[in-house]
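Dear colleague,

Please find below the structure that I am passing on to you. A short account of the findings follows it.

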Amino acid sequence: MSMSTTGPKSMTGCGEATLTRDGCTCRVEVRSVNHRFFKLSLRAREGFSTLEARVDAVVRERLKRGSVQVTLDVSGRGAGGGRRIDRGQLETYLDDLADFCTSRGLNHPISVDPILSLPGIVTDGFPSQEAIQSHWPLVEATLLAALDAVDGMRASEGAAMAADLRNTCREIAGLASTIRERVPKVMEDHRRRLFERVSRVLAEHDAAIAPADVAREVALLADRSDIAEELVRLDSHIAQFTAILAADSPGRPLEFLTQELGREVNTIGSKSADVEIAHTVVELKARVERLKELVQNFE
């Protein structure tokens, strides 16, 4: 029995398979592309579209998200149906032709080949529903084989994307650490600049400022620009992101975490007035955008 591989997978993949049993050949091609939900479309010869519900159930067991197109073809002497000659219509054409030739004194044609191309002579015969349903075991086996090929492609691409995402998460964690280390220096630089500016002004008026006043002003700035909580949540989101990457069908949880990462980065940028931190925030936003682009491809 076909088995699905585990781990994160891309929504993009294709695969095909062909099996033959008892004079009947089945060919199935499966193509999957990105889609917010699961959507299946089946292309099959006349009559076999009645198997769509069964095909849908099998595919849903293997593919959780994506726009999936399944092309199904069943042929061979055991497939039923096929092209046939409408004997009644052919006899009517021949009788009309014989009457015409007799009335005009013409020789009767010795071949029916030219007549076979006339409308209604050769028609497509369709297999019965009983015959179609009897082919389901072959169709199912071929479909599962095609899904194995799709699954392998999706798993391979998913593993590559997961590696890229993990690397990007490490970069985000490193940038967040850079900001965390920068914060104390920002406060010290602000205290120094504030003290120098106020001291110059007060020196012109022969006055002095108490260190406690400067400390109070610095404390007010530190409170307004405190980003410790955002940095903690950023680290937490990165840890969750990395953990979820190992799960099956992580696409939607990762999309949510990416939104939360973007929100924390934007808040850090709006709270901080430091140029170096602002530059680092720009780098963080670029990494989060990278995450957003990739997670949209995950199942």
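At what angle do the axes of H7 and helix H8 (residues 275-295) cross? They cross at roughly 165° and come within 10 Å; axes are lines fitted to C-alpha atoms, for helices over the stretch in contact, and angles run from 0 to 180 degrees between N-to-C directions. H7 is therefore roughly antiparallel to H8 (angles over 145 degrees count as such). Helices (H or I, at least four residues) and strands (E, at least two) are DSSP runs, numbered from the N terminus.

The model is predicted, with pLDDT of at least 70 needed for local features and 80 or more for side-chain atom pairs, while totals for chains, interfaces and linings use all residues. Residues are numbered from 1 along each chain as its sequence is written, and side-chain values use heavy atoms, without hydrogens and water.

Residues of H7 that meet H8 (heavy atoms within 4.5 Å) include Leu 254, Leu 261 and Val 265, and those of H8 include Val 281, Leu 284 and Val 288.

Helix H7 (residues 251-271) also packs against helix H6 (residues 228-244), at an angle of about 160° and with the axes 10 Å apart. H6 and H7 are therefore roughly antiparallel to each other. Among the residues in this contact are Leu 234, Ile 238 and Phe 241 in H6, and Leu 257, Leu 261 and Ile 268 in H7.

Elsewhere, strand E3 (residues 38-44) pairs with strand E4 (residues 66-75) in the parallel sense over seven bridges; pairing requires at least two bridges found by DSSP. Lys 39 has Ser 67 in E4 as its bridge partner.

With kind regards

How values were computed
Parallel < 35°, antiparallel > 145°, perpendicular 65-115°, else oblique.
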